[in-house]
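Here is a short walk through one protein model. Have a look at the structure first, and then we'll go through some of its parts together.

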Amino acid sequence: MEDTDMNTALIIAGGSGARMHQDIPKQFLTVNEKPVIVYTLEAFQKAPEIDVIAVVCISGWEQVLWAYANQFNITKLKHVVPGGENGQASIRNGVFELEKNYSKDDVVLIHDAIRPMVSEEIISDCIVKTKQFGCAIASVPCAEAMLETEDGILADKSYPRENLKRTQTPQGFHIGDICELHRNALEKGITNSVASCTLMIEMGQRVYFSAGSEKNIKLTTVEDIDIFKALLLAKRSEWLK
């Protein structure tokens, strides 16, 4: 039987990017004459399994976003939703908007606007694992030695790295499940969880992993922009070969 479920991408671009210390939100910073968010939108536009893109957008930038979608031919963009007071509220706004328009069984991949290097393989694996397990969190193994500290100055305990995963986005769910999770979290007074995967854990649920990548970086600091530029150059030279 043919798979008729819709796969939606929910791009979270509701933050102001205070850690970047720039005048405009980091998702709208221009790198090589293209805004960061456009690289991210293009990744989902090109992914054949993604049917619809929605963006949770920082207030005042909605028209800019639609203009960029028009300029860069992001035809899958169908919804622009206002951001909330924090990440959890922004995601809640986004998934509740999707719930009004799509089936509860449809898949949503929640993704940071400031992870512009997300690959088709990562997107595809997240969809596959979400359909298989009910949710999927893009992640990579922890390669560094992990030390535990109470004060940020010293450590006297280490933590086995093989028991740790570094999470990324996309994080995949069925729309009905993630909306129910957010409603239950509100009832319990949980309003500022740092990510969908941490919200799942705080609500006593299990999460399953999908493939991430060291290249799937999050642009949080100015140094991250330098790494992003280097990755773009590397990608271009691969193509030249």
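Start with helix 2, where Gln63, Asn70 and Gln71 are exposed on one side. This is a predicted model, by the way, so keep that in mind as you read on. What about the buried residues of helix 2, which spans residues 62-71? They are Leu65, Tyr68 and Ala69. These three cover an arc of only 100° around the axis, so they sit on the same side of helix 2. There's a handy rule behind this kind of pattern: an α-helix has 3.6 residues a turn, so residues three or four places apart point the same way.

What do the buried residues of helix 2 pack against? Their partners are strand 3 (34-35), helix 1 (36-46), strand 4 (52-57) and strand 5 (77-82). Helix 2 lies across strand 4 and strand 5, and it runs at about 165° to strand 5. After helix 2 comes Asn73, and its phi is positive, near 60°.

Now for the inside. The largest nonpolar core has 30 residues, and the ones that touch the most other members are Ile37, Phe44, Ile50, Ile53 and Val55. Several elements each supply at least two residues of this core, including strand 1 (7-13), helix 2 and helix 4 (120-133). Helix 1 gives the largest share, five residues. There is also a second, separate core of 25 residues, with Ile12, Ile91, Tyr102 and Ile175 among them.

Seven strands form an open sheet in the order 5-4-1-6-10-7-11, and the pairing is mixed. Strand 5 and strand 11 (209-211) are the edge strands, as each pairs on one side only. On average, neighbouring strands of this sheet are turned by 30° against each other, ignoring direction. In general, strands of a sheet pair through backbone hydrogen bonds, either parallel or antiparallel. Here are some of the pairs:

| Strands | Sense | Bridges |
|---|---|---|
| strand 6 and strand 10 | antiparallel | four bridges |
| strand 7 and strand 10 | antiparallel | six bridges |
| strand 7 and strand 11 | parallel | three bridges |

Ser139 has Ala211 in strand 11 as its bridge partner. Strand 7 is largely enclosed by the rest of the structure, because six of its seven residues are buried. Helix 5 (residues 175-187) lies across strand 1, strand 6 and strand 10, running at about 110° to strand 10.

Finally, the cysteines. How many disulfides are there? The count comes to zero, taking a disulfide as a pair of cysteine sulfur atoms within 2.5 Å. For Cys142, the nearest cysteine sulfur is that of Cys197, 15 Å away. Are Cys142 and Cys197 buried or exposed? Cys142 counts as buried because its relative accessibility is 8%, and Cys197 is buried as well, with a relative accessible area of 7%.

Methods. Residues are numbered from 1 along each chain as its sequence is written. This is a predicted model: local features need pLDDT of at least 70, side-chain atom pairs count only at pLDDT 80 or more; totals for chains, interfaces and linings use all residues. Side-chain values use heavy atoms; hydrogens and water are left out. Buried means under 20% relative accessible area, exposed over 50%, partly exposed in between (1.4 Å probe, protein chains only). The arc is that of the directions from the helix axis to the C-beta atoms. Contact means heavy atoms within 4.5 Å. A nonpolar core is a set of buried Ala, Val, Leu, Ile, Met, Phe, Trp, Tyr and Cys residues joined through side-chain atoms within 4.5 Å. Two strands pair if DSSP finds at least two bridges between them. Axes are lines fitted to C-alpha atoms, for helices over the stretch in contact, and angles run from 0 to 180 degrees between N-to-C directions.
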